[in-house]
Amino acid sequence: MQKPVRIAPSILSADFATLGAEVEAIATSGADWIHIDVMDGHFVPNITIGPAVVKAIRKVTEKPFDVHLMISPVDPYIEDFAESGADIITVHREAGPHIHRTLQFIKSLGKKAGVSLNPSTPASSISHILDIVDLVLVMTVNPGFGGQSFIEGQISKIAEIRQMIDETGRDIDLEVDGGINSETAKQVILAGADALVAGTAVFGGGPEKSGGYAGRIQQLRGE
Ligand code: DX5
Ligand code: ZN
């Protein structure tokens, strides 16, 4: 069942020079989750942050850390991210051949297990793992960078996965990541998404511009 929308600002678009203050600012401005994009320069063409940074910002808020691992191989690093303070650990369907084992491992560490799909990966590729996942993350850009344009063709995939989730009767979050702004937010919520990642739309321009972080987070919720 589609739940009330949760907003997960992506700290990829934050000012890294004051990262702790940025995380605190979104946490006190209505963010539901803190989305942390981990990239390895191999699975995706960019390198971002590792477990040490996650551990450091864990001190500033108790909001759930939604850790999006865009790395391959991923298994050797899961324990480190779990220990650094991740609450949700999401791995890519495309990151390796043994995704079921990876998801089981995440759950064995007491964390929520998410699976993410690149734009070219079909909904059907996760039909046999929905019995163990806690979250599905549909990429609406090719992963690697913030500030890219929303890929419209992914909307039908969101709707398809909404239906698949509802058929299981399980409590699975349906999150969307990439190019989310107040317009595309409406489209993906209509298609069945109930958690939205937003980097540029929340952090773009810094905390002072156009209503600040609280105003922009509220706008994405569509209320
Ligand atoms: C892309 C990342 C996203 C990104 C979203 O690879 O997974 O989380 O930060 O940024 P925007 O909202 O700017 O598209
Ligand atoms: Zn992400």
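Tutor: Ala, Val, Leu, Ile, Met, Phe, Trp, Tyr, Cys and Pro count as nonpolar, Asp, Glu, Lys and Arg as charged, and the others, Gly among them, as polar. This is a predicted model, where local features need pLDDT of at least 70 and side-chain atom pairs pLDDT 80 or more, while totals for chains, interfaces and linings use all residues. Residues are numbered from 1 along each chain, chains are lettered from A and ligands numbered from 1 in written order, and side-chain values use heavy atoms, without hydrogens or water.

Student: So which classes of residue make up the shell around ligand 1?

Tutor: A shell residue has a heavy atom within 4 Å of the ligand. Here, that shell has eight nonpolar, 10 polar and two charged residues. Of these 20 residues, D37, G144, D177, G199 and T200 come nearest to ligand 1.

Student: And which atom of T200 gets close to an oxygen atom of ligand 1?

Tutor: Look for polar contacts (N or O pairs within 3.5 Å). For T200, a side-chain N or O atom is 2.4 Å from an oxygen atom of ligand 1. G144 uses a backbone N or O atom, 2.8 Å from a ligand oxygen, and a backbone N or O atom of G147 also lies 2.8 Å from an oxygen of ligand 1.

Student: Which element gives the most to the shell around ligand 1?

Tutor: Elements are DSSP runs: helices (H or I) of at least four residues, strands (E) of at least two, numbered from the N terminus. β2 leads with three residues. The elements giving two or more are β2 (34-39), β3 (65-70) and β8 (195-198).

Student: Where does ligand 1 sit?

Tutor: In the largest pocket, since "sits" means that more than half of its atoms lie within 2 Å of the grid points. A pocket is an open set of points on a 1 Å grid over the protein atoms alone, where a 1.4 Å probe fits, with protein on both sides within 12 Å along at least five of seven lines; lining residues have an atom within 4 Å of a point. Here 28 residues line the largest pocket, with G146, G147, D177, G178 and G179 nearest its centre. β2, β3, β8 and α7 (200-203) each supply at least two lining residues.

Terms used
Polar contact = N/O pair within 3.5 Å; in protein donor to acceptor, adjacent residues only side chain to side chain.
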